[in-house]
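Thank you all for coming; I would like to take a few minutes to walk through one model and some of its side-chain pairings. Please have a look at the sequence and the structure before I go on.

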Amino acid sequence: MRKKIAVLLFVLCLVSVVSGVFAMTPRIRFPEWNKTNIKITDWDPIKGILTITVVIEANRIPIEKAYSQPYLQSNFNKVIPKIEKENIKQGDKAVFTHRLNIKSNTTNWVEMDIRAMPDIAGLKVLLRSEYADNPAMRDILEMESDQIKNPVFIGTSMPILVRDDIALNVTPEIAFVPSFIHNNQKYYIWLPLDTAESKTTNSAIKIFKTALEGKDLKKIEAAGQNLIERFNTEKRTIVFKRGKGDNFAIPTKVALEMLRANIVSLKAILNNNTDELEKFYSEMKPCYTKGFIAYNLYALFKSAGNTAKASKYKNEALTEKPAWPLLKND
């Protein structure tokens, strides 16, 4: 159950994990007093070394006794060194770099045990500002702040997928793969599982995959539109069966985002025209799929011999997803 909850939280399109709210009850909570970013920043499939970088920013008040320590769930008893920072001045950041030994072509979960102690005097000043119009809430939180004697948990649990081509903090079910090959060039697309709980949705997925194999753009677009309609009929999530009674759910919004990224990429690839894909990319907000669109644009411009634009999109793809040896070494 713990993993399922973590998956649902993760796939709401978070390329980085930001936390900083120490919640006590659904309605009584401290204001944000830090900004914490966790990102996979490098992956060496030959050496089997995955790099995770944690940045804790004291964006509103000073922070004391900050530390970061990851635990791989597959080998929880193996202690990975803790990295500590005694003080972070307001406006400064602390960077923690972890290198984990992990096998390629595996999935895992990593518990990011990240904790920090807010400066209590600074926290009270923040409370007086945030709750100036709500003295009752302010007084409750000030009393609660006096009870903080140890560093507060600001970490997370997140999935890890490592393949020879890339490392991602997602589960395999939502991973884009370089599976569409056209004119000897690989492109990244999302292939939904054909084990959907809804038989009608599952049938639409199989039709879409068959259309992909035929590389007939009209059939791909028709099958893709049909699948979009099927996804839109789902209430909140699309449920896939993993086997052994285990299910995996993807929020409908996320599934639609990935499928639309597929369709616009495939149109550009098969029509050999990047205009619509570039427009689609330029209008995208930061999200999980953006790096793969950048890669597809890189591959298209590389094939066309446009080295300037290929370089542009390669750099942007690596900014989005830095642990990408297939792209780094290309």
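This is a predicted model: local features need pLDDT of at least 70, side-chain atom pairs count only at pLDDT 80 or more; totals for chains, interfaces and linings use all residues.

Let me begin with a question: is Lys 309 buried, partly exposed or exposed? With a relative accessible area of 31%, Lys 309 counts as partly exposed.

Lys 309 takes part in a salt bridge with Glu 278, in which the N to O distance is 3.1 Å. Glu 278, for its part, is buried, because its relative accessibility of 14% falls under the 20% limit. Another salt bridge joins the side chains of Lys 279 and Glu 283 at 2.7 Å, again N to O, and here Glu 283 is exposed, at 53% relative accessibility. The count of salt bridges comes to 17, and the general point behind them is that side chains of opposite charge can pair when their charged atoms come close.

Strand β13, residues 237-243, and strand β14, residues 246-251, run antiparallel and are joined by six bridges, and Phe 240 has Phe 248 in β14 as its bridge partner. Two residues lie between the strands of this hairpin, where Lys 244 takes a positive phi near 55°. Arg 242 forms a salt bridge with Asp 246, with the closest N and O atoms 3.3 Å apart. Both residues are partly exposed, Arg 242 at 38% relative accessibility and Asp 246 at 25%.

Let me turn to the aromatic residues. How many aromatic pairs does a search of the whole structure find? The search finds twelve. In one of them, the ring centres of Tyr 188 and Tyr 295 are 4.8 Å apart and the planes stand at 80°, so the pair is edge-to-face. Because Tyr 188 lies in strand β12, residues 185-190, and Tyr 295 in helix α8, residues 290-303, the pair ties together parts that are 107 residues apart in sequence. Tyr 188 is buried, at 1% relative accessible area, and Tyr 295 is buried too, at 2%. By contrast, the rings of Phe 301 and Tyr 313 have planes at 5° and centres 5.8 Å apart, so this pair is stacked. Phe 301 sits in helix α8 and Tyr 313 in helix α9, twelve residues apart, and both are buried. Ring pairs also link a cluster whose members include Phe 176, Tyr 188, Tyr 295 and Trp 324.

Charges meet rings here as well: the charged end of Lys 290 sits over the ring of Tyr 281, at 5.1 Å from its centre, while Lys 82 lies over the face of Tyr 67, at 4.2 Å from the ring centre.

Finally, a loop residue: Ser 104 is found between β6, residues 93-101, and β7, and its side chain makes a polar contact with the side chain of Asp 164 at 2.5 Å. Leaving aside residues up to four places away in sequence, Ser 104 touches Trp 43, Pro 45, Val 162, Arg 163 and Asp 164.

Key:
Residues are numbered from 1 along each chain as its sequence is written. Side-chain values use heavy atoms; hydrogens and water are left out. Two strands pair if DSSP finds at least two bridges between them. Helices (H or I, at least four residues) and strands (E, at least two) are DSSP runs, numbered from the N terminus. A salt bridge is a side-chain nitrogen of Lys or Arg within 4 Å of a carboxyl oxygen of Asp or Glu. Buried means under 20% relative accessible area, exposed over 50%, partly exposed in between (1.4 Å probe, protein chains only). A polar contact is a pair of N or O atoms within 3.5 Å; within protein, one must be able to donate a hydrogen and the other to accept it, and residues adjacent in sequence count only if both atoms are side-chain atoms. Contact means heavy atoms within 4.5 Å. Rings of Phe, Tyr and Trp (its six-membered ring) pair if their centres lie within 6.5 Å; planes under 30 degrees apart count as stacked, over 60 as edge-to-face and the rest as tilted. A charge sits over a ring if NZ of Lys or CZ of Arg is within 6 Å of the ring centre and within 35 degrees of the ring normal.
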